[in-house]
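Visitor: Can you walk me through this model? I'll ask as I go.
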Protein chains: 4
Amino acid sequence: MPTDTFFNLPKEKRNRVVKAAIYQFASKGYSKASVTQIVHDAQIAKGSFYQYFNDKKSLYKYIVKMALDKKLEYIIEMDSSKIDGLYYFLIQINIAIIRFAEENINLARIVNDLPNMEQTYIYEELEIYHKKSGLNLFIPRLKKAVQEGKIKPEVNIHYAAHLLYNSSLFITNYFLEEKGVNSHKDMIPVIENIIGLIILGIKKDGGES
Amino acid sequence: MPTDTFFNLPKEKRNRVVKAAIYQFASKGYSKASVTQIVHDAQIAKGSFYQYFNDKKSLYKYIVKMALDKKLEYIIEMDSSKIDGLYYFLIQINIAIIRFAEENINLARIVNDLPNMEQTYIYEELEIYHKKSGLNLFIPRLKKAVQEGKIKPEVNIHYAAHLLYNSSLFITNYFLEEKGVNSHKDMIPVIENIIGLIILGIKKDGGES
Amino acid sequence: MPTDTFFNLPKEKRNRVVKAAIYQFASKGYSKASVTQIVHDAQIAKGSFYQYFNDKKSLYKYIVKMALDKKLEYIIEMDSSKIDGLYYFLIQINIAIIRFAEENINLARIVNDLPNMEQTYIYEELEIYHKKSGLNLFIPRLKKAVQEGKIKPEVNIHYAAHLLYNSSLFITNYFLEEKGVNSHKDMIPVIENIIGLIILGIKKDGGES
Amino acid sequence: MPTDTFFNLPKEKRNRVVKAAIYQFASKGYSKASVTQIVHDAQIAKGSFYQYFNDKKSLYKYIVKMALDKKLEYIIEMDSSKIDGLYYFLIQINIAIIRFAEENINLARIVNDLPNMEQTYIYEELEIYHKKSGLNLFIPRLKKAVQEGKIKPEVNIHYAAHLLYNSSLFITNYFLEEKGVNSHKDMIPVIENIIGLIILGIKKDGGES
DNA sequence: GATGAATGAGGATTCATTCAT
DNA sequence: TATGAATGAATCCTCATTCAT
């Protein structure tokens with residue numbers, strides 16, 4: 001969504017703009033993010049900014065797309081084809097997401113802020129990208145597990161996917177806010193616990209609840 | 001967080017202010033909510049507003065506290081002492097929350113928007129209230145279940161509470177957005193499905209994952 | 001189209017705003033007129049301006065309405081009921097318009113600039129007022145003259161009204177620009193000439209053209 | 001008013017610039033016309049534009065001159081020497097102008113917008129050209145008619161010329177705006193009516209006004 | 001205690017023109 | 001000569017807060 005002009009810029013300058021924008025959106029959110037602050041941080045002229053992007057919204061959409069793409073990169077990288085069991089798959093996907101968050105803190109903040117945009121008109125224009133790294137991450141894998149007879153027949157795939165996506169968001173937020181957590185490795189037990197919980201349930205076998 | 005002046009006001013006037021504020025915060029969110037619009041809707045003078053509240057933030061905190069208190073009312077009302085099983089407890093608590101949302105749509109919106117404030121400085125000042133109707137809703141009950149030997153020993157209570165709180169938020173959002181849902185009763189199957197999932201797990205017994 | 005706030009202002013302040021606005025619109029036209037300049041000239045704060053008027057357009061519409069009303073005042077004042085002949089009526093109406101222009105130069109400039117707004121969306125919202133001091137000034141009088149048998153049957157009332165309205169605009173512009181003309185009295189011969197021309201025609205009787 | 005560079009350009013490129021400029025000035029007016037849009041439409045570089053013209057004003061003056069020249073072409077073409085009567089001459093000249101408008105809608109819009117520029121400093125620099133296709137169109141012919149004794153002695157040539165010029169503008173505007181009018185031929189009755197009116201007057205012979 | 005006008009820094013966006021390559 | 005990125009003052013407008021009455 002940037003203009004051609006933006007792509008003709010030297011990479012270094014483009015990076016300054018992107019970096020400043022990411023910082024603004026991550027720390028202030030879309031509507032409080034200030035174009036004035038972005039151009040100041042990126043050391044470009046106000047007018048230049050509007051030669052790179054039609055408006056603030058265009059920039060935002062570009063950054064969000066970039067963030068979601070980056071998130072997907074981490075997920076694709078994990079080469080899910082080799083992962084057989086559902087439990088292991090879910091562990092891996094959450095680890096991938098946390099690694100994304102670890103290495104791209106501000107992009108992760110932006111991604112995790114997306115659900116808050118859902119009521120706005122901007123969201124609709126982002127929905128396609130968002131879906132790819134949202135619910136759709138889980139639905140196909142759950143369907144496969146159903147076919148393989150590995151999932152209880154009474155489980156509703158739709159709700160389960162929601163729960164899993166939601167959990168991944170929550171896990172990421174947990175990571176982003178928890179100041180004591182330094183590496184994605186520290187999160188592995190948390191992930192295992194939560195995914196284990198979803199897979200096996202809270203309830204002790206044999207007990208009635 | 002209002003001034004004494006506010007509490008000396010006739011109840012009817014106070015209600016006008018509260019109602020207008022709830023509407024603004026629910027529909028626009030904190031930062032986009034307009035003081036000008038609130039005083040207009042409440043039919044009070046701009047200057048009066050600043051005699052009732054030090055600033056917009058004070059009003060927001062007051063409304064949030066009110067919303068959380070109201071939510072708690074619904075939860076307390078359900079008289080959990082009589083509820084024995086954990087599953088049934090979780091179903092009931094989610095139904096209570098949905099009933100709160102059903103009868104106080106705008107307050108529910110404000111409550112469910114709270115996690116988005118987490119990065120802001122305002123959140124810290126609200127944390128205490130938030131906790132009461134958040135995580136702390138689940139932790140004591142989970143501890144009890146542990147003592148009763150009803151929960152797998154490897155389950156981490158802390159994370160389980162997070163997952164349950166998160167699920168309750170997600171269920172509420174689902175209710176608030178789903179236009180086809182008219183009554184909290186329509187949500188009961190959804191709740192049962194999701195809670196069932198958390199209690200029993202996704203995995204089919206006997207299968208390896 | 002101003003807000004109540006504007007009308008609550010002391011007359012002196014209101015006049016400062018109106019005067020500054022008239023000056024801007026008259027000298028720059030609608031789109032080049034600067035709100036910043038207006039508030040500067042009127043010695044009010046930018047924010048105050050937007051408490052008086054919703055936007056620049058509202059102010060413009062207010063000023064245009066004011067200008068057209070003022071123009072009408074001069075026309076109504078001439079007490080057309082006592083004016084019998086069409087020629088005399090047309091002379092008088094043009095004199096009234098020139099007197100309006102003489103005593104309200106900038107308002108007259110704004111009024112005479114209106115036809116240029118015709119292609120804009122603003123015009124539509126002003127049309128009603130404009131019509132009253134435009135074509136409709138002439139049509140009823142021409143109809144009356146037709147009934148009295150004083151007008152050639154082949155004359156199309158519609159076109160004649162247009163020609164007369166157009167001539168009045170032209171006469172006013174002539175007055176506004178002609179630097180040598182100091183008083184409306186200097187314009188009387190011009191008016192008589194032009195109206196005489198429209199009434200009697202250019203052509204010498206008996207000559208073939 | 002373009003630079004030599006402009007005239008050294010291949011004709012095709014020059015035309016692209018001219019066409020884009022005409023479109024802008026016709027549809028937006030001088031001050032709203034966008035240089036950025038012109039260079040975009042003409043597919044030339046911003047910098048190139050300023051090598052062809054010193055500034056926006058220079059381009060405008062060039063286009064206006066072009067428009068007035070084109071208008072004159074249509075008028076000259078009608079070979080007025082062969083036209084004898086004043087009435088017929090006026091009919092023909094108005095038809096010529098309408099034909100110009102019909103075949104050069106955007107140029108006609110620019111020409112008819114000129115009077116609105118009269119208050120601006122730009123106008124002065126265009127005045128010479130404007131006059132040639134304005135008042136001066138009528139004055140010589142009126143003088144001739146006076147010499148031939150075909151015009152009432154009390155008619156002031158100067159004012160009559162103004163009225164006629166003004167009427168031609170009005171007729172053209174009428175043509176440009178009237179959506180039901182497809183061809184200049186549809187305008188002939190209107191022209192005959194208005195010119196007839198000016199030649200013979202509104203007043204019925206024998207009646208007193 | 002009530003009122004509502006005043007404030008001004010800040011918001012996003014536009015645009016003719018310049019200048020380095 | 002052609003290019004297109006850079007510029008920055010100017011545009012309209014918003015809004016929480018203050019203050020005089």
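Visitor: Which atom of DNA strand E is 3.2 Å from the side chain of Tyr52(B)?
Guide: A phosphate oxygen of DNA strand E; the distance runs to an N or O atom in the side chain of Tyr52(B). That is a polar contact, meaning a pair of N or O atoms within 3.5 Å; within protein, one must be able to donate a hydrogen and the other to accept it, and residues adjacent in sequence count only if both atoms are side-chain atoms. One caution: this is a predicted model, where local features need pLDDT of at least 70, side-chain atom pairs count only at pLDDT 80 or more, and totals for chains, interfaces and linings use all residues. Residues are numbered from 1 along each chain as its sequence is written, chains are lettered from A and ligands numbered from 1 in the order in which they are written, and side-chain values use heavy atoms, with hydrogens and water left out.

Visitor: What does Gln51(C) reach on DNA strand E?
Guide: A base nitrogen. A polar side-chain atom of Gln51(C) lies 2.8 Å from that nitrogen of DNA strand E.

Visitor: How many residues surround DNA strand E?
Guide: There are 36. The closest are Gly47(B), Thr5(C), Lys13(C), Gly47(C) and Tyr52(C). "Near" here means that one heavy atom of the residue lies within 4 Å of the strand.

Visitor: What about the residue classes near DNA strand E?
Guide: Twelve nonpolar, 15 polar and nine charged. Ala, Val, Leu, Ile, Met, Phe, Trp, Tyr, Cys and Pro count as nonpolar, Asp, Glu, Lys and Arg as charged, and the others, Gly among them, as polar.

Visitor: New topic. How many residues meet between chain B and chain A?
Guide: 41 from chain B and 42 from chain A. Contact means heavy atoms within 4.5 Å.

Visitor: How much area is buried there?
Guide: About 4100 Å², with 60% given by carbon and sulfur atoms. Buried area is the accessible area (1.4 Å probe) that two parts lose on being put together, summed over both. Lys152(B), Tyr159(B) and Ile202(B) supply 18% of what chain B buries against chain A, more than any other three residues.

Visitor: How many salt bridges and polar contacts cross it?
Guide: Zero salt bridges between chain B and chain A. A salt bridge needs a side-chain nitrogen of Lys or Arg within 4 Å of a carboxyl oxygen of Asp or Glu. Six residue pairs are in polar contact across that interface, both partners at pLDDT 80 or more.

Visitor: Which element of chain B gives the most to that side?
Guide: α10(B), with eleven residues. By class, the side of chain B that touches chain A has 18 nonpolar, 13 polar and ten charged residues.

Visitor: What rotation superposes chain B on chain A?
Guide: One of 176 degrees, with 0.2 Å of shift along its axis and an RMSD of 0.4 Å. The two copies are thus related as by a two-fold rotation axis. The same surface serves both, since 100% of the contact residues of chain B recur in chain A.

Visitor: Which residue of chain B comes closest to the axis?
Guide: Gly201(B), whose C-alpha is at 1.6 Å.

Visitor: And chain C with chain D?
Guide: There, 41 residues of chain C are in contact with 41 residues of chain D. The buried area is about 4100 Å², 60% of it from carbon and sulfur atoms. Lys152(C), Tyr159(C) and Ile202(C) supply 18% of the area that chain C buries against chain D. The salt bridge count between chain C and chain D is zero. α10(C) gives the most to the side of chain C that touches chain D, with ten residues.

Visitor: How far apart are chain A and chain D?
Guide: They do not touch; the nearest C-alpha atoms of chain A and chain D are 11 Å apart. For chain B and chain D, also without touching, that distance is 33 Å.

Visitor: Last one: how many salt bridges over all chains?
Guide: 36. One pair to look at is Glu125(B) with Lys57(B), a salt bridge with its closest N and O atoms 3.6 Å apart. Glu125(B) lies in helix α8 (residues 121-132) of chain B and Lys57(B) in helix α5 (residues 56-77) of chain B, so the pair ties together parts that are 68 residues apart in sequence.

Definitions and conventions:
Helices (H or I, at least four residues) and strands (E, at least two) are DSSP runs, numbered from the N terminus. Copies are superposed by least squares on the C-alpha atoms of residues with pLDDT of at least 70 in both.
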